[in-house]
Structures are given as C-alpha cells and as structure tokens.
Amino acid sequence: MIERVGRRTVDAIKAVGRFGQFLGDLARAVPDVGVWGRLTIVQLRRVGVDSLPVALFIAAFTGVVLALQASYTFRNTVPLYFVGTLVGKTMMLELGPVLAGLALAGRVGASMAAELGTMKVTEQVDALETLAYDPHSFLVLPRVIAGTAMFPAIVALAILTGIVTGWLASLVLLDLSTQEFVKGLKVFYRFKDTWFGLFKSATFGFTITLVGCVVGLGTRGGAEGVGLSTTRAVVYSAVLLLVLDAFWALVLLR
Amino acid sequence: MIRFEDLHKGFDAKPVLAGLSLTVEDRETVVIIGYSGTGKSVALKHVVGLLQPDAGDVIVDGRAVSTLDREGLTALRREIGFVFQFAALFDSMTVSDNVALGLRRRGLSDDDLAARVREALAVVDLTGADDRYPAELSGGMRKRVGIARAIALRPRYILYDEPTTGLDPVTAAVIDQLMVRTREHLGVTGIVVTHDMRSAYTVGDRIAMLYEGKIRQVGTVAEIQETEDPVVRQFIEGRPG
C-alpha cells in the first residue's frame, strides 16, 4: 500500500516535471517562426472552420431551450422581457464558452491526440527530429496558437447563434416582441459580459490544444496506446476546462 | 567515423544494451544483426540523439552525441539520413513533399529543391510518383521513398532500420541493390540494422552480431559466414535452439 502510494507520488512528480519541460521546449520553439508560421494557417482552418458546425449546432438548440426555460421560470412572477436578459447573459458568460469548449474538447482535443499519437507510434515524430525539425515548432505551436486564436471566434459566433435562436423562439413560441427581447438583452448588459466569455474561451482553446498535444506526443505502444491517449485527452481537457471555468469566475466575477 | 563506446540503455529497469562497443569506419557499411528485441534499433537511435544513453555514448566524428545541445544535435542530424523500419512517411504529404521536407530546412531555392527531389526519386526508381500520397504506395515503394528522403539530404552517414522487413524476397533484393547503389553513388558511411541475412551479406562490408546487449562477434562477411561461434552460427543459419 505504502509502496503503491509512493510510486504514484513519484509518477505524479515526474509527470509535472515532464509537463514543465514540455512548456520550456515550447517556449524555445517560439523564435522558429519560419516553421510554425506557415503551418499555423493550416491549423487555423482545421480548428476554426471545421469545428464551427458542431459549436453552432449546440448553441442553436441551447438558445431555444434557454428561452423556453426562462419563460417557464418567470411566468406570472417576473416580466417576460427578462427572457432576453437570461438568454444573453447565460450564453455570453457561461453556456456559450463552456458548451462549445466541451464539444471542441471532444472534437479538437481528441483529434489532435489521435493524430499526434499515431505519428508518435509510427515514428513520424522521430523522423521529423532526424530531419532537423523541432516537433514543438512543427506540430505543437501551430495547433496551440490556432486553438487559442480560433476558440474565441468560434465561441463568439456560437453566442450570437444562441441569442438569435433564443430570440426566434421568444417570437414564435412565447409571443414576446423583438423590442421586449432586446430590452431584456440590454437591461443588465455590461461590456465585461462579452470580453469575459471570449477571454475565457481563449484559455479553453489553449488548454484543450495543449493537452491534446502533450497527451498525443506521450503516446506509447500501438493502436491501443493511441486509443488510450485519445480518451485521456478528452477527459483531461474536460476536467481542466471546468476547473478553469470556476477559476475565472472566482478571479474575474467577484 | 561512428563509435559506440560502452553503450548502456534500459527501459523500465530492463537492460537492453549492456556495454555495446563498435566502430564504423568512414565509407564502410556495417550491418548489425541480432534477434528481435535485442536493441538493434535502440542502438541506432542513439546515433541521432533520439534516445539518451544510461551510460556510455556514441561518438560521431569526435562529437559525443549525448552531450550535444540543441544546435549541436541539429547540426549532427543534418549530416545523417535515417531510414525508418516502416518508412515513417508523413501521411498528409505527397511523395515529393516528404522528400523535400528535410531540404526545406537548408534554405535551398525552389529550383534547387525541386531538382534534388527529382534526383533522389530517380535514384530509387520512383520518377513520376511525386504527387502520390503514402497511402497509395506499396510497402516496397514506401521504403524507397524513405530512402529517397534520406539521400536527398546528401548525408555523410545513412542509418537503415530494418530496411527489408516485411517485404517479399524480390522487393527486398531491390532495396538491397538500392542500398549498395546509394553507397556507391554518394560514398556514404552506413549502418544497417537487420535480421535478414541475405540482405546483410549483400550490403555489408562488415557484420556485427548484437547479443545480450553487447557485440558478440564482428567481422567481414566471409568471417561471419565461416564463424565457429555457436550463437552466431545458429543465428545466421536460422536454426531453432
């Protein structure tokens, strides 16, 4: 028992050390712009454009559900234009970034872990090194930069979609007018509502892509190892995303 | 010259290399033979710094590989072509992009780069395959692209990791001829890791047998063929124990 605890503690310390070394290597790769600059453009498209449909799909239905739940909660007690307030605030502050983040942890994080994991076990990462490329500048930096840059853009569009579908649901299903919905949207709006969600989503993008890369490049074994890494990347990303969400609320919203 | 000096390496407390010492002279090809899992590929990866030794070192032209910093390692790797067991081609790139990848690091003009890619593909008889993707190639063609990628760099050294494993005898013979042609064409120093004895006899100037983490015997092809060491004899004759 004591031996097992000791071994796990040592493993955990080693993992932290490896992560620190990984970040150090990543920082040293930053001046290698000639390599990561061109590849980042490819990743921006892959992370951004390819991820957009799933994020918008989730946001569209969330907007409708939020409007209906708000109306159900407020009826006979709170003026119905507050539906706009709840849809806007909730999409901007929480559900837009978090739901899109969780969906993209599954899509982007898993795909990066699987891709890099496969490259690792088929010696493509070793091949890169023997060709005098640093895997951090060739593989990791483009993905992390693309994730950090594109997540806020995806989330902004997701928030917009959620608000629009919430507005449409209010018009069609709740007999709320556009003026009332917009009044609700404006009533407690602060600029912080916008930048908080977008800033948070940038940190989610950074975390999800970094975890996908770290886990992918740490893959050992064959197909089973790749499968394990893919699952790990999704679980670690989702957990870290929720921890980060609570952290930013504590730091920025108090 | 490449010198393995008392190289030790283990994984998860299991020793793989236990004092490997071997010298590869300039312009010769040494074939390292040995049973599967005896650390042949592990030894090869130490030459380019893909693995760090537990003790001992590999010395390439006077440079101790494990002590090199990033710049030193990059400079060393520019002099070495590495042909991987399963070619390790990049799936998302065409054949010509795979071959050109290492060259892009060397600041060649587009014309020079294209010429070097054409030349390398011609050496491995793959002219016209430029725009194909690795998934569209046979195992033998993939290995030839791997060799083209290595020789396009015009390296001083080429390391081959199991170049004929998994190939039919005819394709394996083609790869053997290619390795011989590459040595004659470029005058490079080579290390070939294999357990294919026909390949070893064809491409090797000398053959070294790795056994229990050390070199059991090293000698010319004739010396190995006439060996009286029972372990080496059993291996080269492929007799069950």
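## Close-up views of chains A and B

**View 1. The contact between the two chains.** In this predicted model, the contact between the chains takes ten residues from chain A and 14 residues from chain B, where two residues are in contact if their C-beta atoms, placed from the backbone, lie within 7 Å. Sorted by class, the side of chain A that touches chain B has four nonpolar, three polar and three charged residues; here Ala, Val, Leu, Ile, Met, Phe, Trp, Tyr, Cys and Pro count as nonpolar, Asp, Glu, Lys and Arg as charged, and the others, Gly among them, as polar. Residues are numbered from 1 along each chain as its sequence is written, while chains are lettered from A and ligands numbered from 1 in the order in which they are written. Because the model is predicted, local features need pLDDT of at least 70 and side-chain atom pairs count only at pLDDT 80 or more, whereas totals for chains, interfaces and linings use all residues.

**View 2. Chain A as a whole.** Chain A holds nine helices and zero strands, with helices (H or I, at least four residues) and strands (E, at least two) taken as DSSP runs and numbered from the N terminus. The C-alpha trace of chain A spans about 65 × 50 × 35 Å along its principal axes. Of the 254 residues in chain A, 46% are buried, a residue being buried if 20 or more other C-beta atoms lie within 10 Å of its own, exposed if 12 or fewer, and partly exposed in between, with C-beta atoms placed from the backbone. Among contacts in chain A between residues at least 6 apart in sequence, 88% join residues at least 24 apart.

**View 3. Helices α3 and α4 of chain A.** Two packed helices are described by the angle between their axes and the distance between the axes. For helix α3 (residues 52–74) and helix α4 (residues 82–121) of chain A, the axes come within 9 Å and cross at roughly 145°; axes are lines fitted to C-alpha atoms, for helices over the stretch in contact, and angles run from 0 to 180 degrees between N-to-C directions. The crossing of α3(A) and α4(A) is right-handed, a crossing being left-handed if the near helix is turned anticlockwise from the far one by less than a right angle, and right-handed if clockwise. By class, 18 nonpolar, five polar and one charged residues make up the contact of α3(A) with α4(A).

**View 4. Surroundings of L185(A).** L185(A) has its place in helix α7 (residues 178–187) of chain A, and L185(A) is buried, with 21 other C-beta atoms within 10 Å. Not counting residues up to four places away in sequence, L185(A) touches G84(A), T85(A) and G88(A).

**View 5. The open sheet of chain B.** Six strands of chain B form an open sheet in the order β6-β7-β8-β3-β9-β10, with mixed pairing. Strands β6 (80–83) and β10 (214–220) of chain B stand at the edges with a single partner strand each, so one side of each is left without a neighbour in the sheet. From one strand to the next, the twist averages 15°. Within chain B, strand β3 (residues 29–33) and strand β9 (residues 206–211) pair in the parallel sense over four bridges, where two strands pair if DSSP finds at least two bridges between them; V30(B) stands opposite R206(B) in β9(B). Helix α5 (residues 139–151) of chain B lies across β6 and β7 (157–161) of chain B, running at about 175° to β6(B).

**View 6. Strand β1 of chain B and its partners.** Strand β1 (residues 2–11) pairs with strand β2 (residues 14–24) of chain B in the antiparallel sense over eight bridges, and I2(B) has V24(B) as its bridge partner in β2(B). The hairpin of β1(B) and β2(B) has two residues between the strands, and in this hairpin D12(B) takes a positive phi near 50°. With strand β4 (residues 55–60) of chain B, β1(B) pairs in the antiparallel sense over five bridges, and F4(B) stands opposite V58(B) in β4(B).

**View 7. Two further residues with positive phi.** Most residues other than glycine have a negative phi. In strand β1 of chain B, however, D6(B) has a positive phi near 50°, and this residue is partly exposed, with 14 other C-beta atoms within 10 Å. A88(B), found in the loop between β6 and α3 (95–104) of chain B, has a positive phi of about 50° although it is not a glycine; with 23 C-beta neighbours inside 10 Å, A88(B) counts as buried.
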